[in-house]
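The sequence and the model are shown first, and the description follows.

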Amino acid sequence: MVITLFSISITMLGLLLVTFLIGRVMPIDPVLAVVGERASQEQYDAVFKDLGLDKPLIVQFFYYVSDVLRGDFGQSLLTARPVADDIARVFPATFELATIGILLGCILGVPLGVIAAVRRGSWIDQIARVVALVGYSMPIFWLGLMGLLLFYGILGWVGGPGRQGIFYEDMIPSVTGMILIDSALAGDWGAFWDAFSHIILPASLLGYYSLAYISRMTRSFMLEQLSAEYVTTARVKGMSEWSVIWGHAFKNIRVQLITVIALSYANLLEGSVLTEIIFSWPGIGSYITTALLSADMNAVLGGTVVVGLVFICLNVFSDLLYKFFDPRSK
């Protein structure tokens with residue numbers, strides 16, 4: 001436990017060091033971003049001193065770490081609000097979208113990978129491999145545009161861009177920040193199904209992206225287990241095929257799958273930028289992108305730290321699940 005906490009602390013410190021250095025080497029003058037290009041030299045010098053840029057780098061880094069540990073990422077130049085407040089507002093939208101996506105990816109991807117491995121070389125296996133290849137290699141922004149054109153523009157099966165339609169916008173009180181949960185808590189099922197119609201397409205695209213990776217890795221892990229001697233022994237002893245596949249082979253790949261799913265989930269949480277932009281989804285990905293284009297470095301670095309923290313937390317959670325599924329790792 002002590003080693004784990006030490007590793008987390010070192011990793012977090014390294015993340016903060018990287019983000020701090022990025023903020024210093026970027027060809028953007030943080031003072032000019034505050035005062036503007038027409039400011040006088042006196043105004044420039046005053047803000048330069050207020051930001052602590054006149055102090056040595058090691059002192060600036062110490063202040064930066066202290067601020068981050070207090071949840072202070074500075075003020076956003078774009079929204080004129082604390083970056084922490086902005087992140088608290090946009091992150092639930094990304095969390096909701098990515099969570100539905102990873103659930104779809106797991107529910108469909110894991111059985112697909114298992115069946116493909118069991119029926120190796122069959123038409124089911126070929127279809128599974130093609131589905132995984134297309135999902136893993138196809139640009140997600142192209143899939144998003146085609147999905148909008150077909151399911152929203154032509155068929156009208158789903159809602160358009162954004163989290164809600166105009167009629168329901170800002171009508172649901174924010175409790176968790178996740179619109180499906182908030183609308184259910186409010187008992188407004190019209191708003192719930194409206195939100196569902198807007199989230200289902202981008203979540204399905206992210207789910208397809210994660211499905212491709214999860215099914216491919218599941219198939220690879222299962223093929224390795226199905227060729228092991230203990231599986232042959234179990235079949236010779238007369239065990240049912242269901243018990244051999246799910247009770248023995250699949251049981252031995254659960255720890256590996258935890259890593260795959262955790263990494264896939266983390267990628268959806270921080271890598272859904274293009275999806276959020278295409279679907280006008282107000283999440284952390286689009287927030288960081290907009291801030292970067294506006295030279296709002298406080299927002300960019302704050303969002304980067306949060307994304308890195310998500311990776312660290314998911315890795316720690318994976319380690320805890322290892323001990324639950326595999327007692328040997330205790």
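## Surface and overall form

The protein chain exposes about 18,300 Å², and carbon and sulfur atoms supply 67% of that area; accessible areas come from the Shrake-Rupley method with a 1.4 Å probe, and for residues only the protein chains shown count as cover. This is a predicted model, in which local features need pLDDT of at least 70 and side-chain atom pairs count only at pLDDT 80 or more, while totals for chains, interfaces and linings use all residues. Residues are numbered from 1 along each chain as its sequence is written, and side-chain values use heavy atoms, with hydrogens and water left out.

The secondary structure of the protein chain consists of 15 helices and zero strands. Both kinds of element are DSSP runs numbered from the N terminus, helices being H or I over at least four residues and strands being E over at least two. The C-alpha trace spans about 85 × 55 × 35 Å along its principal axes. Of the 330 residues in the protein chain, 41% are buried; buried means under 20% relative accessible area, exposed means over 50%, and partly exposed lies in between (1.4 Å probe, protein chains only).

Contact means heavy atoms within 4.5 Å. Among contacts between residues at least 6 apart in sequence, 71% join residues at least 24 apart.

## The nonpolar cores

A nonpolar core is a set of buried Ala, Val, Leu, Ile, Met, Phe, Trp, Tyr and Cys residues joined through side-chain atoms within 4.5 Å. The largest such core has 42 residues, of which M222 and F250 touch the most other members. The elements that give two or more residues to this core include helix 5, helix 9 (189-226), helix 12 (254-271) and helix 15 (297-325). Helix 9 gives the most, with 13 residues. Leaving aside neighbours within four places in sequence, M222 is in contact with V114, A117, I245, A249, F250 and I253. A second, separate core has 24 residues, among them L15, Y64, V83 and A299.

## Charges and salt bridges

The protein chain carries 20 positive and 25 negative side chains, and the centres of the two sets lie 15 Å apart. Lys and Arg count as positive and Asp and Glu as negative, whereas His and the chain ends are not counted. The place of a charge is taken as NZ of Lys, CZ of Arg, CG of Asp or CD of Glu.

A search of the whole structure finds six salt bridges, a salt bridge being a side-chain nitrogen of Lys or Arg within 4 Å of a carboxyl oxygen of Asp or Glu. The table gives some of them.

| Salt bridge | N to O distance |
|---|---|
| D67 and R70 | 2.3 Å |
| R81 and D86 | 3.1 Å |
| E241 and R235 | 2.7 Å |

The partners can be described by their accessibility. D67 is partly exposed, with a relative accessible area of 25%, and R70 is exposed at 59%. R81 is partly exposed at 38%, whereas D86 is buried at 0%. For the remaining pair in the table, E241 is partly exposed at 37% and R235 is partly exposed at 35%. R81 and D86 also belong, with R89, to a network of salt bridges.

## Individual residues

T94 lies in helix 5 (residues 83-118) and is buried, with a relative accessible area of 0%. Apart from neighbours within four places in sequence, T94 is in contact with L269, S272, E276, W281, G283, I284 and G285.

R219 is placed in helix 9. This arginine counts as buried, at 16% relative accessibility. Not counting residues up to four places away in sequence, R219 touches G113, A116, A117, R120, D125 and R129.

Two loop residues complete the account. D54 is found between helix 3 (41-50) and helix 4 (57-69), and counts as partly exposed at 41% relative accessibility. Beyond residues up to four places away in sequence, D54 touches F48 and K49.

S280 occupies the loop between helix 13 (273-278) and helix 14 (284-293), and is partly exposed, with a relative accessible area of 47%. Most residues other than glycine have a negative phi. S280 has a positive phi of about 50° although it is not a glycine.
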